[in-house]
Amino acid sequence: MTKCFVRDLEPNKTITSSFLVQSKEIRQKKTGEPFLCLVLSDRTGEVEARMWDNAAEAMDLFDRDDFVQVKGLVQMFHNRPQLILHKLRRMDESAISSPPSSLTAAQPVSARTRAAARNACSGDS
């Protein structure tokens, strides 16, 4: 699987990729059925995601801070990309830790250099 980064999401494209779950909410449609409202991230940014169908089956499979593999359609919502998820699964530990893993690309990173971060921590701005 080729990693599709958040920064590279294009409208009307179907993607399959892995992300870190930053937040997870279970909400209700007007019909009373549940749907998932997620924020997924990688090192290039965050994207909101919705799972309208099969949410009841998927909601207990993963938690916040889990890595998930998703398949979905990129749509624009309020001038920002949003993923409409068709499939979602929690990734197991062996997939996360086995090289070469695209998941290291899913981990958020700071734009600061390590030296700048150390200086900030020690009070040397």
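Guide: Let us begin with the sheet. Five strands form a closed barrel in the order S1-S2-S3-S5-S4, and their pairing is mixed. On average, neighbouring strands of this sheet are turned by 50 degrees against each other, direction ignored. Please keep in mind that this is a predicted model.

Visitor: How many helices and strands does the protein chain contain, and in what order do the elements run?

Guide: The protein chain has 3 helices and 5 strands. Read from the N terminus, the elements follow the order β-β-β-α-β-β-α-α.

Visitor: Where is confidence lowest, and where is it highest?

Guide: Over the protein chain the mean pLDDT is 83, and 75% of the residues reach 70 or more. Confidence is highest in S3, at a mean of 97, and lowest in helix H3 (residues 114-122), at 54.

Visitor: How should I read the pairing of strands?

Guide: Strands of a sheet pair through backbone hydrogen bonds, in either the parallel or the antiparallel sense. Both senses are found here. Strand S3 (residues 45-51) runs parallel to strand S5 (residues 80-90), joined by 3 bridges; within this pair, Arg50 has Ile84 in S5 as its bridge partner. Strand S1 (residues 14-28) and S4 are antiparallel, with 7 bridges, and Leu20 stands opposite Phe67 in S4.

Visitor: How many bridges join S4 and S5, and is their sense parallel or antiparallel?

Guide: S4 and S5 are paired over 10 bridges in the antiparallel sense.

Visitor: Which residues touch the most other members of the largest nonpolar core?

Guide: A core is read through the contacts among its members. In this model the largest nonpolar core holds 22 residues, and those touching the most other members are Leu36, Leu38, Leu40, Val70, Leu83, Leu85 and Leu88. Two or more residues come from each of S1, strand S2 (34-42), S3, H1, S4 and S5.

Visitor: Is Asp66 buried or exposed?

Guide: One compares the relative accessibility with a cut-off: under 20% a residue is buried. Asp66 counts as buried because its relative accessibility is 13%. Asp66 lies in the loop between helix H1 (55-58) and strand S4 (67-77). Neighbours within four places in sequence aside, its contacts are Phe19, Leu20, Val21 and Arg90. For the whole protein chain, 36% of the 125 residues are buried.

Visitor: Why does Leu73 count as partly exposed?

Guide: Leu73, which is found in strand S4, has a relative accessibility of 23% and therefore counts as partly exposed. Its contacts, leaving aside neighbours within four places in sequence, include Asn12, Lys13, Thr14, Leu83 and His86.

Technical notes
Residues numbered from 1 in each chain as written. Predicted model: local features only at pLDDT ≥ 70, side-chain atom pairs only at ≥ 80, totals over all residues. Heavy atoms only, no water. Pairing = 2+ DSSP bridges. Helix = DSSP H or I, 4+ residues; strand = E, 2+ residues; numbered from the N terminus. Axes fitted to C-alpha atoms, helices over the stretch in contact; angles between N-to-C directions. pLDDT = per-residue confidence, 0-100. Buried < 20%, exposed > 50% of the residue type's maximum accessible area, 1.4 Å probe, protein only. Contact = heavy atoms within 4.5 Å. Core = buried A, V, L, I, M, F, W, Y, C linked by side-chain atoms within 4.5 Å.
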